[in-house]
Amino acid sequence: SWRNALPQVRGVFRSMLPVVMGVTLSQLNALIDRVVAWWFSLPTWTEAVHSSWWPVLESGTASALYLGQRMYQFPLGVFGVALGTVLFPILTRHAEQGDMRGFRTDLTLGLRLSVAIGLPASVGLMLVAGPLSVALFQGGEFDAADAALTTQMVRAYGSASWAFILLLISNRGFYALHDPHTPVRLGKWAVLWNFGLSAVLIYPLQGSGLAWGTSLATMVQAVWSILLLARRSGGVHWADARATLLKTILCCGVMAAVVLALQSSGWPGESAKLQLGVQCLAGAAAFLGAAWLVGLDEPWLLVKRKRSTQGSV
C-alpha cells in the first residue's frame, strides 16, 4: 500500500538527507585539496604567474595528495568504520530506551578504542611514510621525487588518522540521539577552517600545506564534536579516557623508538619492501608488548570476544 507507506518513506528521506550532507562535507576537504593542488600546479596557469607571493606547486602534487588520502583511509576503513558499525546500533538502543548511563559507558569505550587504535595508526603512518611510498608506488614514471612528495602527504594525512576515526564515532553518537544537524554544522566550520589553514600553510609547506590544513581542521572538528556529544549525553568517563590516552602515548613512544632505531641503523638493507615489512612488524610488536606491560587493554578487545549483560561491545 504505497499510500499508507508514503509518509514513512518521506520520514526516512528527511532523516537521511542531513546524514548524507554530513558525509559529503567530510569528503569535501579532501576534494578541495586536490582541486587546489591541480589548479596551482597546472603548467598553462603557472607559466602565466610571475608574482613572488602567488603559490606555485610542483607537478604531481594533486596525485600525491590523492595517494596520501588513500593511506590514511586504510586504518579508517579497517578499524574506524568497523567500530562505528558495531557501536551505532548499541548507542541507538541505549538512546531509545533512555539509558543514558549505558550510552555514556559505550561512548567512552568508543572514545578509548579510537585513541588506542587511531593514535598508533597515526604515529605508524608518519614513521613508515618513506618506505611505504617507495614500496607501493615508486616505479616506471613514478620516480624518487614523486615518492618523496607522496611521503610528505602520507605524513600529513596520517597525523590525523586518530581524528578521522574519532570523528566517525562521535557522528554516530549524534545520529543515535536523533541529532544529524550538529555534524553538518561542525562540518561546515571544518571546511572554513581547512580553507584558512591551507591558505596559510601552502606558502611555507607548498603542497603538503594543503594536507596539513585538512588534518588540523579535522583534529579540531573531532575534538569539538566529542566535547559537544559528551555535553549532550551528560558526560563521558573522562578519567578512563585520560588513562587510555596516557598509556597509548607511552606505547607509541616505545614503538617510535624501535622504528627510528631500525631506520638509523640502515637495517635490513636497501629494499624498501623489506624495510617496510620489518619496520611494521617490529613497530607493532613493540606497541603490543608495551601495551601488555602497562595494562592497555583496548587493543586486545579487537581480537578477544567479550560479552556483557548490558549489551556493551
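This report covers the helices, spaces, salt bridges and backbone features of one predicted model.

## Ground rules

The model is predicted: local features need pLDDT of at least 70, side-chain atom pairs count only at pLDDT 80 or more, and totals for chains, interfaces and linings use all residues. Residues are numbered from 1 along each chain as its sequence is written, and side-chain values use heavy atoms, with hydrogens and water left out.

## Two long-distance helices

Helices are DSSP runs (H or I, at least four residues), numbered from the N terminus; strands are E runs of at least two. Helix α3 has 37 residues. From first C-alpha to last, α3 reaches 50 Å, close to the 54 Å expected at 1.5 Å a residue. That expected span is 1.5 Å times one less than the number of residues. α3 also has a kink of about 40°, centred on G77. The bend at a residue is the angle between axes fitted to the seven residues ending there and the seven starting there. G98 follows α3, with a positive phi near 70°.

Helix α9 has 27 residues and reaches 40 Å, close to the expected 39 Å. Of the 27 residues of α9, 19 are buried, so this helix is largely enclosed by the rest of the structure. Buried means under 20% relative accessible area, exposed over 50%, and partly exposed in between (1.4 Å probe, protein chains only). G234 comes after α9 and has a positive phi, near 95°.

## The largest pocket

Rolling a probe the size of a water molecule over the atoms shows where empty space is left. The search uses a 1 Å grid over the protein atoms alone. A pocket is an open set of points with protein on both sides within 12 Å along at least five of seven lines; a cavity is a set where a 1.4 Å probe fits but cannot get out. Lining residues have an atom within 4 Å of a point. Points are joined across faces, edges and corners, and a volume is the space filled by probe spheres set on them.

The largest pocket has a volume of about 710 Å³. Its lining has 24 residues, of which F79, P120, A121, G124 and A284 lie nearest the centre. Helices α3, α4, α5, α10 and α11 each supply at least two lining residues. By class, this lining has 20 nonpolar, 3 polar and 1 charged residues. Ala, Val, Leu, Ile, Met, Phe, Trp, Tyr, Cys and Pro count as nonpolar, Asp, Glu, Lys and Arg as charged, and the others, Gly among them, as polar.

## The cavity

The whole structure holds 1 cavity of 30 Å³ or more. G22, L25, S26, L167, N171, P183, G187 and Q221 line the cavity. Helices α1, α7 and α8 give two or more residues each. The largest share, 3 residues, comes from α1. The lining divides into 3 nonpolar, 5 polar and no charged residues.

## Salt bridges

Side chains of opposite charge can pair when their charged atoms come close. The structure holds 2 salt bridges, each a side-chain nitrogen of Lys or Arg within 4 Å of a carboxyl oxygen of Asp or Glu. R112 pairs with E298, the closest N and O atoms being 2.7 Å apart. This pair links distant parts of the chain: R112 in α4 and E298 in α12, 186 residues apart. E298 is buried, at 4% relative accessible area.

D179 and R232 form a salt bridge at 3.0 Å, N to O. D179 sits in the loop between α7 and α8, and R232 in α9, 53 residues apart. D179 counts as buried at 12% relative accessibility, while R232 is partly exposed at 45%.

## Backbone exceptions

Most residues other than glycine have a negative phi, and most peptide bonds are trans. H178 has a positive phi near 60° and is not a glycine. H178 lies in the loop between α7 and α8 and is exposed, at 59%. Q206, also not a glycine, has a positive phi of about 60°. Q206 is in the loop between α8 and α9 and is partly exposed, at 34%.

The peptide bond from W267 to P268 is cis, with omega near 15°. P268 has its place in the loop between α10 and α11.
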